[in-house]
Amino acid sequence: MTAAAPVTRAASFPGERPVTPEVVREHNLTPSEFDRIVAMLGRTPTLTELGVFSALWSEHCSYKHSKPVLKRFPTTGPQVVQGPGENAGVLRLPNGWAVAFKIESHNHPSAVEPYQGAATGVGGILRDVFTMGARPVAVLNSLRFGPLSEPRNRYLFAGVVRGVGDYGNCIGVPTLGGEVGFADGYSGNPLVNAMCVGILRESDLATARAHGVGNVLLNVGAKTGRDGIHGASFASEELSEKSEARRPQVQVGDPFTEKLLLEASLELITSKLIVAIQDMGAAGLTSSSAEMAARGGVGVEIDTGLVPTREAGMTPYEILLSESQERMLVVAEPRQVPAIQAICRKWELDATEIGHVTDDGLFRVRHNGLTVAEIPGQPLVDDCPIYTPEAREAPAAAARRKARPHGPARVDADAALEALLDTPSIASKRWVYEQYDSTVQASTVLGPGGDAGVFRVDGEAFALAVSVDCNNRLVALDPYEGGKATVAEAARNVACTGAEPLGITDCLNFGNPEKPEVFFQFKEACRGISDACVAFGTPVTGGNVSFYNESPTGAVDPTPTVGMVGLLRRAEDRVPSHFRATGDRIVIVGGTAGALGGSAYWAELCGFVGGEAPKVDLEHEARLQRFLVAAAAARLLRSAHDCSEGGLAVALAEAAIGGPYAERGFGAIVDLRTYAPDLTAAQALYGEDHGRVVLSVAPPALQGLKALLARHGLRGYLAGEVRAPGGSLDVVLPGSVHRWPVDRLRSVYDDAIPRRMREVVSDRAEA
Amino acid sequence: MVRVAVVRFPGSNCDWDAYHAAENAGAEARFVWHRDTDLQQADVVILPGGFSYGDYLRSGAIARFSPVMQAVQKHAAAGGAVLGICNGFQILCEAHLLPGALVRNDRLTFVSRPVWVRVERTDTFCTSAYARDTEMRIPVAHGDGCYVADDDTLRLLEAEGRVVLRYTRGENPNGSVADIAGVSNAAGNIVGFMPHPERYADPLTGSDVGAGFFRSIAGWIPGGATRSIP
């Protein structure tokens, strides 16, 4: 290959290996990507430059397989202050407030080092939010593991939960909700998605756009060590037997330093002393500096010799690619440096000048005088080749939708309810969320254990509702409908509390996109998410793509997790999920066709994942959301609970069992003879038709509720009544009557995860 | 108006919660930074929850050596009121302003949930609004909340009625000896406990049963009956 005349100059750092095809391969760059680099530079890159390209052109940083698909997401709306492209999305709230939020994955690190992998996942997402100038006020998480019958999965589950908890608890940000699922596909590759929500004055919004030639770059926070080098590339390959050797690439978190960094960053932003700020996350100093420069259309020059390091002798390559945690890159006018350093000193942090903004558009790295990298900045960030892989559904997947269970359920419809409540994916997650501080900041209006978390904003009448959701079984079965269903469920959860859905962030966890069947899932799920977001008026404000979630046993279920934020105009109108008073009427909104395709019932009791996935009627869902918001504002509801995994019976049982700290659950009687006249018991009880909620209503409010339902074009079924605590849940069907003592249901529901985790102490020794 | 100083250590994270609870109860609250030695003529000092200095070494172990703690020691020795909540309780024990120690929860995991407690000492600056033996449910959120003390200390605490809060209804969340959730010094001007009443000081955030601690503080008369040098 003949290169054009060099457009830039750089020298190898002493002792650096020469760049050979073997070295290029190690950096996960293809020969054609390498050719593009050579053409861009007009010469062979130095090893340092190769490292920079490998990080920025990794899937994690470049979105090279996903960009064309993500471009189709709806990202605008009157409420959008900041859409995708910044550290976090921002939506407008009343009275000059705004909410910044984002979800991100930390799957691969957590697979090899669950505690630190999960902890640093929380740390990273917190930084994404507070670099926007927002104070983090809530975290949520979405987790997936293999079945708890395997010791390794119990070890991963326990470690991840401890890691998430220790980090968030120490920072003092409440965990308000989340979801945890267990399925075979996640055995070799757990998913750890963390979401953070922050509040800011819209006028304090900070950006990560470098500008002002001559302005300085400051490294704020922790010193740089050798941890996490090539973390972004690690996240962009499949897990294998060799992944264990990647353990040293997992970063180590220090939540105490993060707390100081949080306070210092917010003080720097609100004092207007800085021009721009960005977290050093994936690909560390490299991506933060290159991306900030590219956004601002300027060049940067960094002297890696000035970066404070934990150990002597670190090369520019290592300093550029380290993913040491709790670091920020700040751009500021030179005259502000002393004031910035004073604030940092107050918070016991270093703020060190490491470079400056230039007018030549180059990304230049020097180390004690030697130029070790010089790359055109805009192409470095923007010219990574974009791939549009083939998308083709696997024939087996299509066949699965036509299939039916091979035999009958292992227990009858009566016993099935206990079996479902004993399923870890459905059961109470108390074991998890009691390890997370959910009440710090004294703003928690509705904590974990309900449909959505709700928190108030200091001094304001309004509150926000937040939820994360994904029904991976439905996405696996029918990616398009599953994508729609995921957004619909998140919106329904938020609306059940009385909040109006505002917008989403998404974490798209898939297998290897170079496989046509995986890319098909990705494309179709994103199409479903887009259509639902358009129908609900809830734009996508950002998120994260996590590909290559594969282990030697295969790809994970496609898991596009959606984090939804909603606005509750008056905090005191919040509606909890559980029955609250004897004599209240039970109303079901939304009809049923007894859809068992992709249901928990078929999966858990027939060992069958298949059948036709139920279709989501987006127009009905949107009406249902508007109705719930109006009903809450009119104070017509005593409780509202979304009907999802496990169907109507599980929804009724959860509403009856009560909140995690209820003294005792309520009884209830429900007559479904006119609601589901032609269905089998299993269809009526466990069908998973979308668009349904279970309400409880004080008798005097019934008239108002009926009128409101009619106004929204919805049909409500007056199905029964809440009975005294300590009773049973009685359900009358056309051909059978079912009676479940609520105390018994509650103990099964509460103990499902603890009883499986009692062996965990010995697992730690084994694993 | 009663003046409340809320001490902020690096790593404090319940500082605002205590500040708001005190202000809402009618006290005048202000923050004091850990490097300061001036308590700004506070009547009551609150050491809030959090992870002071990262809780490295041991919870509260480093905070006790901070400049502000010299001032708190002096304030307490002069009979001034001091309340330590959660990490603040741990600091008071580390500083030997209260007896005993807080060690890792018996189940080894962080525990966050509301628990039932009983108010057993009501003649202090922060519990006077409650009737003796009032039971209430307030949140705990800690990893190191298991109260331990030697037998002589325990006998003394019980004999002198210095157990301020006790876990009840079988809800000891951390393995504390004798279900102790909080203790005081003999004079009652120094109190520490693990639960967080400041989080249950408003019906909107779960409950307002904890507001009485801050009403007690706001209504306390400095130099009143409960104030005497130990």
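A residue is buried if 20 or more other C-beta atoms, placed from the backbone, lie within 10 Å of its own, exposed if 12 or fewer, and partly exposed in between. This is a predicted model, where local features need pLDDT of at least 70, side-chain atom pairs count only at pLDDT 80 or more, and totals for chains, interfaces and linings use all residues. Residues are numbered from 1 along each chain as its sequence is written, and chains are lettered from A in the order in which they are written.

**Exercise 1.** Work out how chain A compares with a compact globule.

*Solution.* Start with burial: 62% of the 767 residues of chain A count as buried. Next, take the radius of gyration, computed over C-alpha atoms, and the globule rule, 2.2 Å times the number of residues to the power 0.38. For 767 residues a compact globule would come near 27 Å, so the 26 Å of chain A agrees.

**Exercise 2.** Describe how α10(A) packs on α13(A), residues 337-346.

*Solution.* First, the geometry: the axes, lines fitted to C-alpha atoms over the stretch in contact, lie 9 Å apart at an angle of about 150°. Angles between N-to-C directions run from 0 to 180 degrees, and those over 145 count as roughly antiparallel; α10(A) and α13(A) are therefore roughly antiparallel. Then find the residues in contact (C-beta atoms, placed from the backbone, within 7 Å): α10(A) brings Ala264(A), Glu267(A) and Leu268(A), while α13(A) brings Ile340(A), Ile343(A) and Cys344(A).

**Exercise 3.** Find which element gives the most to the side of chain A that touches chain B.

*Solution.* Begin with the totals: 26 residues come from chain A and 23 residues from chain B. On the chain A side, α8 (151-171), α10 (255-270) and β14 (444-446) give two or more residues. Finally, α8(A) gives the most, with four residues.

Definitions and conventions. Contact = placed C-beta atoms within 7 Å. Parallel < 35°, antiparallel > 145°, perpendicular 65-115°, else oblique.
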